[in-house]
Amino acid sequence: MRYAMVIDTLKCVGCSDCVVACQTENNVPLGYCRDWVTETVDGAYPKVELELKSERCNHCDNAPCVRCCPTGASHIAEGGIVLVTEDECIGCGACIESCPYDARYQHPDGYVDKCTFCHHRLEKGQNPACVEVCPTKCMYFGDLDDPTSEVSELLKTRKHKVLAPEAGTSPNVYYLIK
Amino acid sequence: MQEEIFVSGRHLPKIDPNLEIWHWEISLYLFLGGLAAGILFFTALFYLLKKENEMQATVKYATIIAPIALIVGLAALFFDLSHKLYFWQLYTTVRITSPMSWGAWVLLIITPLSILWVFSYYRETYPKLEAKLQTFKRLKFLNTFEKFLIKNRKTMAIALIPLSLILGIYTGILLSAFNARPLWNNSILGPLFLTSGLSTGAAAILLFTKSHFERTLISKIDLALIFIELALIVHMFMGMYAGSQVQLEAMQILIGGSYTVMFFVFVIILGLIVPFVLELTEILGFKVPIIAPAMLILIGGLIFRIVMVNAGQLTRYLY
Amino acid sequence: MSYANTRFVNNFTPVNINILMTTSRRKFIKISALGLGGVAASTSALKMFGANTYLEGLVKQNIAGEFNKTATYCEVCFWKCAAWAYTDNDGEIIKIKGNETDPHCHGRLCPRGTGGVGMYNDEDRLKTPLIRTTVDGKQTFRKATWEEALDLIASKMKDVKSKYGAESFALLKHGSPGSHLEHLFKAYGSDTIAEPAYAQCRGPRETGFALTLGSWIGSPEPTDIRDTKCLVLIGSHIGENMHNSQVQEMSDAIDNNATIITVDPRLSTAASKSQHWLAIKPATDIALLLAWMNVIIEEKLYDEAYIEKYGYGFKELKAHVKEFTPEWAYGITTIKPEQIRETARLMAAAAPSVIIHPGRHVVWYGDDSQRERAIAMLNGLLGSWGKRGGFYFKEKVSLPKFPHPAYPKPKWGWEEIGEKYPYAEMGITSELIKASIPGEGENEKYPIKAWIIAGTNLINTIPERDVILKAMDAVDFIAVVDTMPMEITGYADVVLPECTYLERYDGIRNAAKREPSLALRYPVAKPKYDSKAAWWISKQLGERLGLQEYFNYNDYEDVIKWQLEQVGSSLEEMKRLGVKKFERKTPLYMEDGEDFEFATNSGKIEFYSDELASKGFDPMPVYKQHPEPPQGFYRLIYGRSPMHTFSRTINNPNLSALKDTNKLWVNPKVARMLGLKNDQTVWLQNQDGVDSTFSIKVRVTERIRWDSVYMYHGFGHNNKKLSRAFGKGISDTRMITKVAVDPLMGGTGLRGNFVKILTEDPYKNSKV
Ligand SMILES: Nc1nc2c(c(=O)[nH]1)N[C@H]1C(S)=C(S)[C@@H](COP(=O)(O)OP(=O)(O)OC[C@H]3O[C@@H](n4cnc5c(=O)[nH]c(N)nc54)[C@H](O)[C@@H]3O)O[C@H]1N2
Ligand SMILES: Nc1nc2c(c(=O)[nH]1)N[C@H]1C(S)=C(S)[C@@H](COP(=O)(O)OP(=O)(O)OC[C@H]3O[C@@H](n4cnc5c(=O)[nH]c(N)nc54)[C@H](O)[C@@H]3O)O[C@H]1N2
Ligand code: SF4
Ligand code: SF4
Ligand code: SF4
Ligand code: SF4
Ligand code: SF4
Ligand SMILES: [Mo]
């Protein structure tokens, strides 16, 4: 089992529904976020390229945040999901320092929080809240170990990228770019 | 024209626009850790070299700083935790891949050890105090305990050598382990912080020593350390210069950015070059109040860590 | 230089302040931190000392979202997506999710709908009825009971009726609350009713399409985007315009490799997804449309048999567009002839599975009905009407109205007030407003003396603010029914706090789409504070006016029950389903060669309109040049932020967390010329010397032309009681002091306003 998220930048409109949905699903305190949307503009009018991306923790195979955690609060759970156990977290901030994507934040209650791939929903056979809400249906979620899964198929057939590969974390959130 | 912006989300407190997760507490913690490591290293080294009597400050007096520094340092670290209630979780497991973890364990061992060491010299170094307190009269077992410690000073010293070196290196590794912060992510930081730690340790000892022999010897060692430290810093920049785009940008912060003045004036010039010159002239027999270079080195060492911790958090891969 | 209205009040006498602050910000934050965050924290705390299974269970339940769900439909905009609202055990609303079976949303709400819970949670909400009073010479609001407030409004309605006739009491409304008050007004004898969704929104397209294809577009648009081969967007910025199923279907179209062509002076999100972005010079779209028709006709890219059978006045059109070559249009639109030809050929190749989208907010330059007619004609040429991948025939459920006596016939109403616009098919807000000012508009013949405003924030909605302010000064009485302390409430004599859509019943949603369906709005939680539903307010007023027989029920639930039974459903069933679909009775598409009659005078697609000619209008659209920005000025264009709805959501805690202000989009060339930097603070001044109330930050971007600046509509609130929205960004509406009125239907063209960018605070000196 290797969970992965595949996001089609050709369809994403940057509406940020994924951000609100995550907030209400996971009770992310206002002013904080587990996912966010970026916009990249390139070129010169009227030859301009626009890319919109919904970003979050990449649940990296090679996760520095897990390595540097002194208590084991940050750990890799079943399916490669990177999680934080709130009551093992001392709030030392090492994992935040270690994440090249700044995907973690200090919850007002002190512990460190981040995207969980909505594992509580996965347990019930549901997709993550952001995936389920996206009005352009540009987010896909599934198991990379299953070659027939939608995500595997997409990565086989479509040109894709990950964020900051040079950081060497081998992310599990992929972006379709063609 | 190129544009990269956040459409939404991402005004995370202490993370956007740039990281402010670690504050002065961590800088202080790293400084004091290095200082204690330096002192304890020399203490143990010269004890084993049987220089106990020629070098009283090194072996007996200055050592008092180590446990104090370590305890204050740990307090600072604790102060910077955001989920303090769970501090004890640190000591429920050992995580080899996490410098933060083995650092915490090393501190757990070296701090009491340093206290024992100081205690073993207590009556000898502070007779007046003991005369007042009369603790040994009141608590008889202390006598046997002291005897036991004095008998085992050699063992303690042998343990202190590696422990102090690990502690010194750790203060650098803690940062350099972070791939995500290009300024920190280089192999020089460990040795560099160790050297700096030894040098601050030496400086602290200089504040205590009264013997000419001891002063000149420690000064000579310190000169060498400062020299190595400068060399390592140059090496670090050359490494970054040859490195990736992100590292080049990181280096900019020190040599042409927000921290340039602080780094060059307070760390390089006032913290290293000036004391180097002062100590040299002192050794060549000119009259220099030793307190001057010593204090400059100590302050420089602290500022060096403040700069590295803050500047490092300005550097990132994305956005 | 802008009209100073003496009415505006946004302060309260101390006693009321306390009342209005009963739930403080802090309390709200506590609420939001409850549930997972809070519980989890306490779990952890407990865990330290072992025992925690109970709380952990609670967290699990919380996070697993095992809540009660209640059927509703969304009111954050007018797409009316059916949804499930989830409440926890204390009845607090936790989240809102789309109803899987709903053809408007297919289980996926848009960001505004998902964030709708913030409307309910907003601690700035109106909390009690308020009545304007004077406390030592100072105008202010005092807290009032519903009895007082309703009695006062009823008595004013009686006065106006006896003095001038019920017609002189106007209703300016929008959305669900409007429909309840509309019933009250018609029963009371006034048809002096208008909403901004006509003359500031869709009006021209309904006129243009009715004149050409004999049918309104209506909402939701019957555009078969899902199955189209070619989608042409003229302005309409789907993807920022988040009208839900359209956004979803555009994404399907991308999956189906449909050709997307976007005409927009700005790289809209849709434009960035298009194979062809035609970066048109603003205000020149008609020229492009004529050139497209020229290419299609000259190159014989149309289906002759089809035009023969269904077309009227094709010969005239052919002659008319002969001279409007792509080369001609190039000089006007700045779009290259080959690009015009290529895109025209692509449309024709896809025909009839092609959609030249009518757009929705189409009041741009005053010749909008004619532009929309050109769009309708182009669709006619390509035969996309009633065709798969073009425009489908929508169908709704025939749902009987709850029985009530016939409405009295008013002597005059919105129709008479708008009589100089022969094609106005709904009330023209701006004309009703003028008719409220002695000596202006139709005031002589149709004097308006009092207003009820429900669900529309006129201040940020209607252009020419001075005129509104004058009108509000002129009328004897204004009551506002709203959920939030929006600008408009500050001008009211009585403010009635309505509860949000999540706390009330409303009419059954019966919208026409591919499949007829009904959706239920059932109260999810009990109304917060002392707020009440608009149906209740209307009923209460009706009873005070002796109109009981029009409100022959105790609870609106009775109305819904009765209606549902008439169509073989029931409240129980609808509470379970949320949405119920019904069989179509008419075909979805038209057969090839079918003897189809278009509902026009000629029964055909009217390429030439005798009727327009007879009324002295252009029988076929012609391009007329519009004013250009003078030296140093830029055309102000605006659009939607995908996470907000007009001005209504800016203070919504969940949505303002996503975007709390608008920015001024400026082309890098312009920025260089004016020495503007990213995020620099600037002010605006328009052609009439009106300064922006607040400042705005610059966004230097290649996405906008050098002759225009762009901003999101809805920001720049200036009522301090909106704690999150106050003073954030600029209100485009304030800068729109000049309108180009559509002579056919009275639409207010909003995009002929030009602004200068000020780097100095224009109020610097007036401030002390
Ligand atoms: N998120 C969100 N979605 C909404 C709403 C909302 O409030 N928020 N409101 C809903 C309502 S009621 C409506 S009416 C619709 C309105 O949505 P639309 O019908 O899409 O409104 P437009 O005015 O067509 O969209 C504005 C676009 O027109 C472009 N434009 C400006 N001037 C010109 C011009 O001269 N020519 C051309 N070709 N383009 C031009 C602008 O650059 C901008 O991209 O949105 C609906 N959807
Ligand atoms: N400058 C400019 N003007 C425009 C537009 C533009 O793009 N630019 N767009 C035009 C278009 S397309 C349209 S459709 C109109 C929209 O015009 P409006 O519908 O007036 O838009 P809003 O600003 O959202 O105002 C809605 C008001 O209703 C209140 N409200 C929200 N929900 C409820 C409720 O449940 N009950 C009650 N009683 N009140 C409620 C809100 O608090 C707010 O005061 O604006 C038009 N005007
Ligand atoms: S919800 Fe979907 S379309 Fe909207 S921003 Fe997120 S990923 Fe993009
Ligand atoms: S994205 Fe950051 S937080 Fe997530 S797994 Fe990778 S390194 Fe850890
Ligand atoms: S903050 Fe918490 S999760 Fe992060 S490294 Fe420290 S203990 Fe681990
Ligand atoms: S997967 Fe769940 S937790 Fe992660 S961003 Fe999406 S909604 Fe938030
Ligand atoms: S489109 Fe969005 S805001 Fe409008 S009704 Fe649907 S969910 Fe609500
Ligand atoms: Mo609209």
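The accessible surface of chain B amounts to about 13,600 Å², and 74% of this area belongs to carbon and sulfur atoms. This value, like those that follow, was computed from a predicted model. Chain B contains 14 helices and 1 strand. Its radius of gyration is 21 Å, close to the 20 Å that the globule rule gives for 319 residues, so chain B is as compact as a globular protein of that length. Along the principal axes, the C-alpha atoms of chain B fill a box of roughly 80 × 50 × 30 Å. Of the 319 residues in chain B, 53% count as buried. Among the contacts in chain B between residues at least 6 apart in sequence, 75% join residues at least 24 apart. The side chains of chain B include 24 positive and 17 negative ones, and the centres of these two sets lie 14 Å apart.

Chain C has 768 residues, a length for which a compact globule would have a radius of gyration near 27 Å; the value for chain C is 27 Å, which agrees. In chain C there are 28 helices and 26 strands. A box of roughly 75 × 65 × 60 Å, taken along the principal axes, is filled by the C-alpha atoms of chain C. Buried residues make up 65% of the 768 residues. For contacts in chain C with a separation of 6 or more, 74% are accounted for by residues 24 or more positions apart. Chain C exposes about 26,700 Å², with carbon and sulfur atoms supplying 53% of this area. There are 98 positive and 93 negative side chains in chain C, and the centres of the two sets are 5 Å apart.

Aromatic pairs were counted over all chains, giving 57. In one pair, the rings of Tyr45(A) and Trp277(C) have centres 5.3 Å apart and planes at 85°; an angle over 60 degrees counts as edge-to-face, so this pair is edge-to-face. The pair crosses between chains: Tyr45(A) is in the loop between strand S2 (35–44) and strand S3 (47–56) of chain A, while Trp277(C) belongs to strand S10 (residues 276–278) of chain C. Both Tyr45(A) and Trp277(C) are buried.

A tilted aromatic pair is formed by Phe193(B) and Phe304(B), with 5.4 Å from centre to centre and 45° between the planes. Phe193(B) lies in helix H10 (residues 189–208) of chain B and Phe304(B) in helix H14 (residues 291–314) of chain B, so the pair ties together parts that are 111 residues apart in sequence. Phe193(B) counts as buried because its relative accessibility is 0%. Phe304(B) is also buried, with a relative accessible area of 1%.

In chain C, one aromatic cluster is made up of Phe402(C), Trp535(C), Phe551(C), Tyr553(C), Tyr556(C) and Trp562(C). Tyr550(C) is located in the loop between helix H22 (534–544) and helix H23 (556–566) of chain C. With a relative accessible area of 7%, Tyr550(C) is buried. When residues up to four places away in sequence are not counted, Tyr550(C) touches His183(C), Ala187(C), His404(C), Pro405(C), Ala406(C), Tyr407(C) and Pro408(C). The C-alpha atoms of Tyr550(C) and Leu184(C) are 8.0 Å apart in space, although these residues are 366 residues apart in sequence.

How values were computed: Residues are numbered from 1 along each chain as its sequence is written. Chains are lettered from A and ligands numbered from 1 in the order in which they are written. This is a predicted model: local features need pLDDT of at least 70, side-chain atom pairs count only at pLDDT 80 or more; totals for chains, interfaces and linings use all residues. Side-chain values use heavy atoms; hydrogens and water are left out. Helices (H or I, at least four residues) and strands (E, at least two) are DSSP runs, numbered from the N terminus. The radius of gyration is taken over C-alpha atoms; the globule rule is 2.2 Å times the number of residues to the power 0.38. Buried means under 20% relative accessible area, exposed over 50%, partly exposed in between (1.4 Å probe, protein chains only). Contact means heavy atoms within 4.5 Å. Accessible areas come from the Shrake-Rupley method with a 1.4 Å probe; for residues, only the protein chains shown count as cover. Lys and Arg count as positive and Asp and Glu as negative; His and the chain ends are not counted. The place of a charge is taken as NZ of Lys, CZ of Arg, CG of Asp or CD of Glu. Rings of Phe, Tyr and Trp (its six-membered ring) pair if their centres lie within 6.5 Å; planes under 30 degrees apart count as stacked, over 60 as edge-to-face and the rest as tilted.
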